[in-house]
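Subject: Structure handover

Hello,

Here is the structure I promised to pass on. Please open it alongside this note, which goes through what turned up.

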Amino acid sequence: MQAHRPGDPRKRVELLSKALSELADPPIKVMEVCGTHTVSIFRQGLRTLLPAKISLVSGPGCPVCVTSQGEIDAALSLASREDTTIATYGDMLRVPGTGTTLAEERSRGADVRVITSADEALSLAMNDRTRSVVFLAVGFETTAPATASVVLDAWREGLDNFMVLDLHKSVPPALGALASDPDVNLDAFLLPGHVSVITGLATYRFLPERFGIACAVAGFEAEGIMMALVEVARQIRMKRPRVASLYSRAVRPQGNVAARNVMDRVFTLGDAPWRGLGVIPSSGFFLRKEFARFDAVERLGVAVKETPPPVGCRCGEVLKGLIDPPFCDLFGRSCTPAHPVGPCMVSTEGSCAAYYRFQKRGYLDWKD
Amino acid sequence: MRGLLSFPEEGVPGLERLSIGHGAGGSLTQELIDQITDRFDGSPLADGEDCAILPGGFAVTIDGYTVSPLSFEGGDIGKLSVCGSVNDLSVRGAKPLYLALGVIAEEGFPVRELLGYMESAAAVCRSLGIELVTGDSKVVPRGQVDGLFLSTCCLGRMVREDPLGAVNLRPGDAVILTCPPGLHGATIAAHRYGLKARGLSSDCAALWPMLESILPVSGLRCMRDCTRGGLATVLCEWSERAGLGIEIDESLIPWDEAALSVCDLLGFEPLHMAGEGCAAVAVEEGEAQRTVTLLKGYSLGERASVIGRVTKEHPGLVGIRTHSGGTRLVDRPVGELLPRIC
């Protein structure tokens with residue numbers, strides 16, 4: 001929700017929408033990659049202002065949503081250990097694994113703590129050395145540097161009771177997988193804002209160069225998102241796809257080099273399972289050998305198994321932008337935010353949850 | 001409450017134990033309340049308002065208080081425990097008169113701190129002429145409660161003859177908000193997640209006598225304090241109960257910038273955040289300005305504003321026109337408000 005600025009924001013957004021309408025000829029299909037964008041677009045009611053020629057689909061940029069069923073089950077099996085404290089970001093609490101959730105395990109007595117930063121997880125371990133603390137490290141380039149940094153801290157401190165269930169993933173390889181999937185068929189990406197702060201712009205260049213896909217990094221306010229849409233529509237119209245940034249106050253072209261160095265020191269890229277997208281080469285941040293003693297999978301012997309998603313759940317197709325959430329038979333029936341079946345209905349950033357919350361029963365019949 | 005209650009036979013599949021979400025004021029809470037009241041035929045809870053109106057013109061309410069931290073910017077659990085019950089009476093047009101107070105404290109809790117909270121509670125009673133008439137105290141072994149739980153039951157007398165309630169809503173009615181939404185919730189969230197928000201303070205306060213001043217307005221339809229579940233929950237309940245639509249305008253809401261920043265950082269919906277001295281008021285359109293003027297006569301209501309209206313269109317749904325001019329639904333929170341990942 002942005003603060004009031006001088007001038008009439010409604011007028012400015014209306015003008016941008018008009019520009020978009022003129023540029024988008026023929027119609028274009030744009031994927032907003034990032035879950036924060038998805039929610040922002042819904043919360044600001046932007047879908048009601050977009051010309052019909054813009055088809056906006058949500059992508060795989062909600063960290064909880066792309067976490068595979070097997071990874072969630074691994075987290076749950078850790079939570080069932082008596083001597084173990086689980087430190088997790090709040091979004092993970094209600095994601096259904098096979099048969100249970102972390103919230104449910106907590107209500108049965110498991111020690112599950114909601115934290116807002118990796119530092120807090122480390123503090124839990126430092127303050128009570130009698131318990132093992134496992135940090136559920138979920139997220140993209142946004143949260144991975146903080147995980148890397150606390151692993152380095154724990155290593156320097158010689159901490160023995162701190163571990164990480166490392167589920168971090170990298171966004172650009174997933175975009176590559178989508179771009180090369182003939183079913184997906186996108187004209188443009190709205191690139192994520194926060195991830196790009198870390199990665200910079202160069203990492204996305206292969207998208208216009210190899211696949212001819214227009215790209216723009218967008219901020220999160222209504223005008224920022226609309227301007228990014230105008231930018232990709234213009235690139236497509238001129239047939240000159242490139243990587244543009246409309247979020248220059250936060251994203252530097254080279255990204256955050258210091259953060260990437262910390263990540264490089266701690267992680268190495270490997271093949272990782274994404275819900276709906278399958279295993280994507282070099283898309284997971286894995287702890288390097290020398291940090292293996294902080295790896296919960298190695299230390300505690302949990303296995304990340306391949307587990308099929310719940311029957312009927314189409315989160316996978318939603319995450320690839322192949323269907324809008326209401327086309328899933330479970331949507332709004334057996335799968336609601338109160339009783340979710342798939343992760344896209346749980347996470348605040350999941351596109352099913354956003355559709356349900358903000359647009360479940362169609363657009364409002366709004367009279368001025 | 002962990003594990004004390006379970007409803008296996010009608011339990012939601014796989015969720016037969018209480019979760020924190022069942023106490024968060026959203027749809028899970030409603031499901032639980034419905035399951036409880038089902039066992040009490042003809043319960044007055046069925047009218048879904050903040051307090052019950054008894055024969056003889058009395059009104060009564062009860063509430064439990066379990067805030068963490070116990071003391072926060074703008075108030076503490078003592079003040080909160082009286083204001084909360086006073087407000088539940090005030091919004092139905094009942095003057096608060098008598099208070100019953102229950103104290104459950106943990107072994108080892110400092111006596112001086114407890115008495116400090118009792119002094120805060122007493123101060124609110126003194127200022128409103130409320131008499132403490134009965135009470136109960138329990139001390140339980142360490143670890144069985146988190147410091148201190150209070151519960152208050154407040155009895156009052158109806159000032160207005162015709163009862164206020166969502167069933168009175170009519171298309172065209174104006175919706176007024178008495179202060180910025182979500183101040184208490186944002187203050188507590190900032191504490192809990194270690195954020196420093198300069199200038200942010202809970203709105204914890206008694207809505208009486210401010211709301212008393214608008215009781216003579218003849219077109220007054222209903223009032224609710226926007227506590228657990230926030231403004232969004234109040235409006236959703238109104239629209240569902242009245243079978244009418246409600247439309248609000250984001251640019252008319254008297255936002256608090258500090259509360260918005262906290263919500264933005266944690267990924268919380270500001271309309272879901274609780275207030276503890278903030279009421280939504282619905283009034284016939286022609287009397288909206290007069291009502292706002294009356295509210296603005298109190299420091300608690302100095303930012304009172306008309307934020308929207310009741311409509312015939314989209315019955316049962318609440319819509320918001322956003323800053324950018326788009327529209328969307330306003331929903332209730334589902335369960336525990338959880339901070340997002342990034």
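Chain B has seven helices and 14 strands. This is a predicted model. The C-alpha trace of chain B spans about 55 × 50 × 50 Å along its principal axes. A compact globule of 342 residues would have a radius of gyration near 20 Å, and chain B agrees, with 20 Å. Buried residues account for 53% of chain B. Take the contacts in chain B with a separation of 6 or more: 84% of them join residues 24 or more positions apart.

Confidence, chain A: the mean pLDDT is 91, and 96% of the residues reach 70 or more. The exception to keep in mind is residues 1–6 of chain A, where pLDDT is below 50. That stretch has five contacts in the model beyond near neighbours in sequence. Where pLDDT is low, the predicted coordinates should not be read in detail.

Now the interface. On chain B, 35 residues are in contact with 49 residues of chain A. Helix H1 (27–37), helix H6 (257–266) and strand S14 (327–330) of chain B each supply at least two residues to that side. S14(B) gives the most, with three residues. By type, the chain B side divides into 14 nonpolar, 13 polar and eight charged residues.

Next, the largest nonpolar core. It holds 225 residues, and A:Leu136, A:Phe189 and A:Cys215 touch the most other members. Helix H11 (residues 222–238) of chain A contributes the largest share, ten residues. Domain 2 (48–158) and domain 3 (166–330) of chain B both give residues to this core, so the core lies between them. What does A:Phe189 contact, leaving aside its neighbours within four places in sequence? The partners are A:Met31, A:Val33, A:Leu175, A:Leu207, A:Ile213 and A:Cys215.

A:Val164 is buried, because 27 other C-beta atoms lie within 10 Å and the cut-off is 20 or more. Leaving aside neighbours within four places in sequence, its contacts include A:Phe135, A:Ala137, A:Leu287 and A:Phe294. A:Pro27 is 137 residues from A:Val164 along the chain, and their C-alpha atoms are separated by 45 Å.

Helix H4 (residues 69–79) of chain A is mostly covered, with eight of its eleven residues buried. Among them are A:Gln69 and A:Glu71, along with A:Ile72 and A:Leu76. The cover includes strand S3 (84–89), helix H5 (102–107) and strand S4 (111–115) of chain A. Strand S5 (132–137), S6 and helix H13 (296–300) of chain A are also included.

Last, some backbone details to check on screen:

- The peptide bond from A:Asp25 to A:Pro26 is cis, with omega near 5°. A:Pro26 sits in the loop between helix H1 (9–23) and strand S1 (28–34) of chain A.
- The bond from B:Ser68 to B:Pro69 is a cis peptide, with omega near 5°. B:Pro69 is in the loop between strand S2 (58–65) and strand S3 (71–72) of chain B.
- A:Lys239 is not a glycine, yet has a positive phi of about 55°. Its place is the loop between H11 and strand S9 (243–245) of chain A. A:Lys239 is exposed, with 8 other C-beta atoms within 10 Å.
- A:Ser282 has a positive phi of about 50°, again without being a glycine. A:Ser282 belongs to strand S11 (residues 278–287) of chain A. A:Ser282 is partly exposed, with 13 other C-beta atoms within 10 Å.

Best wishes

Definitions and conventions
Residues are numbered from 1 along each chain as its sequence is written. Chains are lettered from A and ligands numbered from 1 in the order in which they are written. This is a predicted model: local features need pLDDT of at least 70, side-chain atom pairs count only at pLDDT 80 or more; totals for chains, interfaces and linings use all residues. A nonpolar core is a set of buried Ala, Val, Leu, Ile, Met, Phe, Trp, Tyr and Cys residues joined through C-beta atoms within 7 Å. A residue is buried if 20 or more other C-beta atoms lie within 10 Å of its own, exposed if 12 or fewer, and partly exposed in between; C-beta atoms are placed from the backbone. Helices (H or I, at least four residues) and strands (E, at least two) are DSSP runs, numbered from the N terminus. Domain bounds come from an automatic or database domain assignment. Two residues are in contact if their C-beta atoms, placed from the backbone, lie within 7 Å. The radius of gyration is taken over C-alpha atoms; the globule rule is 2.2 Å times the number of residues to the power 0.38. Ala, Val, Leu, Ile, Met, Phe, Trp, Tyr, Cys and Pro count as nonpolar, Asp, Glu, Lys and Arg as charged, and the others, Gly among them, as polar. pLDDT is the predictor's confidence in each residue, from 0 to 100.
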